[in-house]
Amino acid sequence: MQRRFRQVDVFTTVPYRGNPVAVVLDAEGLSAEEMLGFARWTNLSETTFVLPPQTPGADYRVRIFTPGLELPFAGHPTLGTCHAWLSSGGVPARSGVVVQECGLGLVPVRPTADGPAFAAPRLLRSGPVEEEVVERVARSLGIARADILDAEWADNGPGWVAVLLSSAEEVLALRPGIVDLDVGVVGPYPPGSPEAFEVRAFFPKDGATAEDPVTGSLNASLAQWLLRTGRAEAPYVASQGTVLGRAGRAHVSRDPDGTIWVAGGTVTCVTGHVEL
């Protein structure tokens, strides 16, 4: 049958400069195997499928697939799916917030001046990274162990290992070898720069290393780490995708109650129908 389809560029206000997500609306009736097969065909980092909610208080349910597996949560698919749902006629139950149901639970999304923002979900794993893992990450990034100032687990669905370098310049200079973990790298820009940090995200794919253009889940978990340790002050902006020719911007803010929000621009690039 024909199902409504959107392809949305996320963390950008300029089409084709962010991170695209494919969104299949009206996905009810599709099996997990069919969803995975379509995600493999799109060959994007993530493809999402919108379904009726199963949890009270949710506006819709979403399933998120990479070309190889299903994720309980991912950031740029959350923003892109919300954009596609609203632009195709979705009406939230409560004014000013959309509540998304996903494998990780309920995730609120609210409008901001910098685009839709999702509330950073709780970390499934945090804390210091084992020294053997830090040394392994350093080797895979092609840097010395001493170049890593700190490292923490930053797992909020995707199992990120977060690595801090001394500068954005060092982050941009990375030319990694083969990674066998999902590795997020962050380094600060000089004070007074338009962006506070440069972020890069590496993950294994088909025996090689892939780099994600702009990563909402990583920026959400990094924000929790950087703000908790006093290395960042909210609000701040992180840039990502520079090396890939993208211009991703993640806008991080924090409410008085401590809730961290990650916002970014969203732009529809493709509208139509798919046969599924």
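This is a predicted model: local features need pLDDT of at least 70, side-chain atom pairs count only at pLDDT 80 or more; totals for chains, interfaces and linings use all residues.
Figure 1. Arg136 is partly exposed, with a relative accessible area of 25%. The side chain of Arg136 forms a salt bridge with that of Glu132, at 3.3 Å from N to O. Together with Asp180, Glu132 and Arg136 are linked in a network of salt bridges.

**Figure 2. Salt bridge between Arg249 and Glu195.** The side chains of Arg249 and Glu195 meet at 3.1 Å, N to O. Arg249 lies in strand S15 (residues 248-254) and Glu195 in the loop between strands S11 (183-188) and S12, so the pair ties together parts that are 54 residues apart in sequence. Arg249 is partly exposed, at 26% relative accessible area, whereas Glu195 counts as buried, at 17%.

**Figure 3. Salt bridge between Glu130 and Arg125.** The two side chains meet at 3.2 Å, N to O. Glu130 is partly exposed, with a relative accessible area of 39%, and Arg125 is also partly exposed, at 36%. The count for the model comes to eleven salt bridges.

**Figure 4. The largest pocket and its lining.** The volume of this pocket is about 540 Å³. Its lining comprises 26 residues, of which Ser45, Glu46, Thr66, Pro67 and Phe203 lie nearest the centre. Two or more lining residues come from each of helix H2 (75-87), strand S12 (197-205), strand S13 (208-212) and helix H5 (216-228). By class, the lining has eleven nonpolar, nine polar and six charged residues.

How values were computed:
Residues are numbered from 1 along each chain as its sequence is written. Side-chain values use heavy atoms; hydrogens and water are left out. On a 1 Å grid over the protein atoms alone, a cavity is a set of points where a 1.4 Å probe fits but cannot get out, and a pocket is an open set with protein on both sides within 12 Å along at least five of seven lines; lining residues have an atom within 4 Å of a point. Grid points are joined across faces, edges and corners, and a volume is the space filled by probe spheres set on the points. Helices (H or I, at least four residues) and strands (E, at least two) are DSSP runs, numbered from the N terminus. Ala, Val, Leu, Ile, Met, Phe, Trp, Tyr, Cys and Pro count as nonpolar, Asp, Glu, Lys and Arg as charged, and the others, Gly among them, as polar. A salt bridge is a side-chain nitrogen of Lys or Arg within 4 Å of a carboxyl oxygen of Asp or Glu. Buried means under 20% relative accessible area, exposed over 50%, partly exposed in between (1.4 Å probe, protein chains only).
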